[in-house]
Amino acid sequence: MALPKEKQEVTDAMLSHLPEATGGNWIKTARSAAMDRLASLGLPVKRDEYWKYGDPTHWTAVEPKFTTTSEASQVFDGVEPLTLVFVDGVFDADASDALALDGAEITLLSKAAQADLHWSQSLYGVLETRANSVKPQDGGALVRPVDRPFAALNTAIAQEGVLIHVTGQVARPIRISYRSNGGQALLHHAVKVDEGASVTLLEEGLPAARYDVMIEADVADEAEFHHVRMQGHAPQVQAMTQLYARLGRESTFKSFALSVDGVATRSDAILELTGDDASAHVGGAVLGDGKDVHHDDTVFITHDAVNCESRQVFKKVLRNGATGVFQGKILVKEDAQKTDGYQISQSLLLDDDSQFLAKPELEIYADDVACSHGSTTGAMDEEGLFYLRARGVPKGYAEDLMTIAFVAEAIDEIADEALQEVVLAQVEAALAGRRG
Amino acid sequence: MLEIKNLHVELEEEDKKILNGLNLTVEAGKVHAIMGPNGSGKSTLSYVLSGRDGYEVTDGSAELLGEDILEMEPEERAAAGLFLAFQYPVEIPGVGNMTFLRTAVNSQRKARGEEELSAADFLKEVRAKAKSLKIDADMLKRPVNVGFSGGEKKRNEILQMAMLEPKMCILDETDSGLDVDAMKLVADGVNALRDEGRSFLVITHYQRLLDHIKPDVVHILYKGQIIKTGGPELALEVENNGYADLIAAEEA
């Protein structure tokens with residue numbers, strides 16, 4: 001089927017800039033298949049349903065709009081992680097730890113791509129392909145999924161990333177630490193967690209002035225995947241993150257992201273619960289300050305097994321004309337009985353110029369489920385603020401306390417208390433920085 | 001301690017006069033009670049003194065220990081020694097009661113140029129004071145006032161008062177919503193804080209709170225002015241006869 005003219009034009013412009021698919025057999029195949037998917041899906045334009053609140057040209061334009069650099073981020077130093085450093089998307093071996101960890105095998109995509117066979121071929125681009133494929137729904141009808149062309153683009157052209165095969169209970173978190181020299185970065189990480197294994201993946205810092213970081217996580221039966229991202233702070237960054245995960249029976253998935261500012265921050269989380277009794281939590285906190293700030297969380301959780309639980313908890317604090325978007329969906333398939341789905345998105349608007357746009361969606365085909373969703377937008381509670389001040393807490397700090405209290409519910413989605421503390425400290429630091 | 005002269009206050013949004021030349025002097029170490037019918041201006045007085053938005057002072061002054069407090073921010077008034085026990089303590093989800101208390105104590109100390117209380121010293125003090133108010137560890141951990149019963153909220157107010165050690169305490173209808181036992185507990189907490197260097201302004205509808213917190217002076221507030229001042233017997237008179245006689249005498 002031909003693409004609409006507008007989509008065809010942006011897609012052709014992008015395709016003409018893309019390199020030929022190269023590498024060993026497995027990845028060459030994966031890359032050219034992804035290229036074909038991209039060509040048939042077409043890149044999004046503003047008219048696309050899941051882009052109407054945002055501006056896809058931030059990523060369809062060949063060149064980034066701004067340049068922004070950053071120092072190395074060290075927020076997770078306290079939890080003594082194994083650290084891998086990337087500067088503008090290029091692995092910095094000297095600044096990184098040796099890729100050796102008990103219970104996990106860690107490789108770079110650039111290295112795996114040279115081989116003709118690699119374990120990651122069962123994962124790289126696979127979850128993205130599932131998300132982008134038309135597949136028969138229960139009862140045989142074909143269901144057209146939401147197009148994820150940027151994910152196909154990432155699979156097609158990513159040259160670097162971290163490939164982690166987790167075979168045991170890995171106690172030490174793995175940290176991917178980013179730094180920007182003002183360029184562009186495109187990374188594709190893949191994490192395969194074997195049955196009963198567990199891992200914690202941390203991301204921190206600014207990968208580049210414009211970046212697209214994708215993670216595919218395959219969490220097997222009774223496995224655990226924990227993920228905390230402290231998105232690097234830069235007023236002008238164009239940031240895209242894409243998280244694709246599949247969850248097996250009795251598995252646990254928890255992902256949280258803190259984002260501060262950015263002209264275009266788009267975070268997608270596309271999760272599929274395929275094994276019974278699985279649990280998936282995604283949370284996010286956003287501090288947006290300034291009229292050019294635009295932050296979009298888009299979540300799509302598919303329940304395709306019995307007795308699974310999912311939670312989406314998103315909090316955005318917006319001021320000086322910042323825009324926050326939340327597009328969250330829970331899809332419960334016909335056989336996914338006993339599903340427990342929860343979704344809440346809330347914004348704290350600190351002035352009349354800021355805005356929050358929320359699109360919560362439930363699509364339920366099973367008849368024995370409990371799903372709830374809520375979305376609120378409000379100003380700071382003046383009563384609470386006066387109460388704090390009447391007890392002697394200075395106004396600025398009282399506002400910070402109220403703000404921290406507001407985002408705390410999302411931070412609670414992080415299982416590890418030490419990591420919660422790290423995130424809280426970052427929120428406090430960001431707020432204190434604003435107060436000057 | 002507290003000296004209010006000719007205080008005139010209007011509601012900002014409604015252009016409505018609430019206080020009309022109120023005069024009141026509370027001496028150090030004394031307990032003054034203010035009684036009055038609904039709408040006489042009792043709560044407005046407590047809010048204006050503590051610095052809440054929405055009120056405009058059109059004339060007069062209010063000084064705490066010789067300092068003009070009307071120009072101060074609410075937090076400055078608190079650091080200067082003013083404390084308002086709220087009629088309706090506010091629930092603040094997400095902020096732990098303990099964190100709130102410690103932040104308040106140390107903010108005030110910092111504002112006064114005093115050394116901040118260490119975590120250990122604070123904990124010791126708060127535990128001892130909480131115990132005497134029958135506030136358990138769970139209440140200290142929970143978010144400020146969230147899910148607290150009416151009695152628990154008022155006890156929590158008194159705990160804050162005990163920790164902050166203010167000089168001038170205003171109790172705004174602290175007895176509202178309390179059963180007899182809870183009122184006794186709260187009154188005991190207040191009485192324990194009575195001290196030569198500390199004054200109280202107890203705002204109430206009913207005489208019964210004044211059975212437990214014995215006032216030195218009782219004032220009757222009506223239409224934004226003090227119309228009568230007397231000893232504790234004045235409160236009993238109100239309890240027996242209502243305000244009608246006093247108001248009739250004033251308006252005659």
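User: Two strands pair if DSSP finds at least two bridges between them. In this predicted model, over how many bridges do strand β1 and strand β4 of chain B pair?

Analyst: In chain B, β1 covers residues 2–11 and β4 covers residues 55–64. One facing couple is Leu2(B) and Leu64(B), the latter in β4(B). The two strands run antiparallel, and the bridge count is eight.

User: What is the order of the strands in the open sheet of chain B?

Analyst: We've got four strands here, with antiparallel pairing. At the edges, pairing on one side only, sit β2 (16–26) and β5 (67–68) of chain B. Put together, the order reads β2-β1-β4-β5.

User: What angle does the direction of helix α1 of chain B make with that of β1(B)?

Analyst: Helix α1 of chain B spans residues 42–50 and packs on the sheet. The helix touches β1, β2 and β4 of chain B. Against the direction of β1(B), the helix direction comes out at about 105°.

User: Okay, on to charges: which residue of chain B forms a salt bridge with Glu383(A)?

Analyst: Searching the whole structure turns up 39 salt bridges over all chains. In the one with Glu383(A), the closest N and O atoms are 2.5 Å apart. This pair joins two chains, because Glu383(A) lies in helix α7 (residues 382–390) of chain A and its partner in the loop between α1 and β4 of chain B. That partner is Arg52(B).

User: Is Arg52(B) buried or partly exposed?

Analyst: Buried would need a relative accessible area under 20%. Arg52(B) has 21%, so the label is partly exposed.

User: How far apart are the closest N and O atoms of Asp218(A) and Arg246(A)?

Analyst: Asp218(A) is in strand β11 (residues 210–219) of chain A and Arg246(A) in strand β13 (residues 238–247) of chain A, 28 residues along. Asp218(A) counts as buried because its relative accessibility is 13%, and Arg246(A) does so at 18%. For the salt bridge between them, the N and O atoms are apart by 3.1 Å.

User: Which residue's side chain meets that of Asp297(A) in a salt bridge?

Analyst: Asp297(A) lies in strand β17 of chain A and its partner in strand β18 of chain A, so the pair ties together parts 19 residues apart in sequence. Both residues are buried. At 3.0 Å from N to O, the partner is Lys316(A).

User: What's the volume of the largest cavity?

Analyst: Four cavities of 30 Å³ or more show up in the whole structure. The largest has 16 lining residues, and Asp297(A) is one of those nearest its centre, along with Arg229(A), Ser255(A), Ser267(A) and Ala269(A). Elements of chain A that give two or more residues to this lining include β12 (224–231), β14 (252–260) and β17. The volume is about 120 Å³.

User: Is Ala305(A) buried or exposed?

Analyst: Ala305(A) sits in the loop between β17 (294–303) and β18 (309–319) of chain A. Leaving aside residues up to four places away in sequence, the residues touching Ala305(A) include Leu273(A), Asp276(A), Ala336(A) and Thr339(A). Relative accessibility is 4% for Ala305(A), so the label is buried.

User: And what distance separates the C-alpha atoms of Ala305(A) and Leu247(A)?

Analyst: Along the chain these two are 58 residues apart. Between their C-alpha atoms, the separation is 9.9 Å.

Notes
Residues numbered from 1 in each chain as written. Chains lettered and ligands numbered in written order. Predicted model: local features only at pLDDT ≥ 70, side-chain atom pairs only at ≥ 80, totals over all residues. Heavy atoms only, no water. Contact = heavy atoms within 4.5 Å. Axes fitted to C-alpha atoms, helices over the stretch in contact; angles between N-to-C directions. Buried < 20%, exposed > 50% of the residue type's maximum accessible area, 1.4 Å probe, protein only. Salt bridge = Lys/Arg side-chain N within 4 Å of Asp/Glu carboxyl O. 1 Å grid on protein atoms, 1.4 Å probe; cavity = no way out; pocket = protein on both sides within 12 Å on 5 of 7 lines; lining within 4 Å. Points joined across faces, edges and corners; volume = space filled by probe spheres on them.
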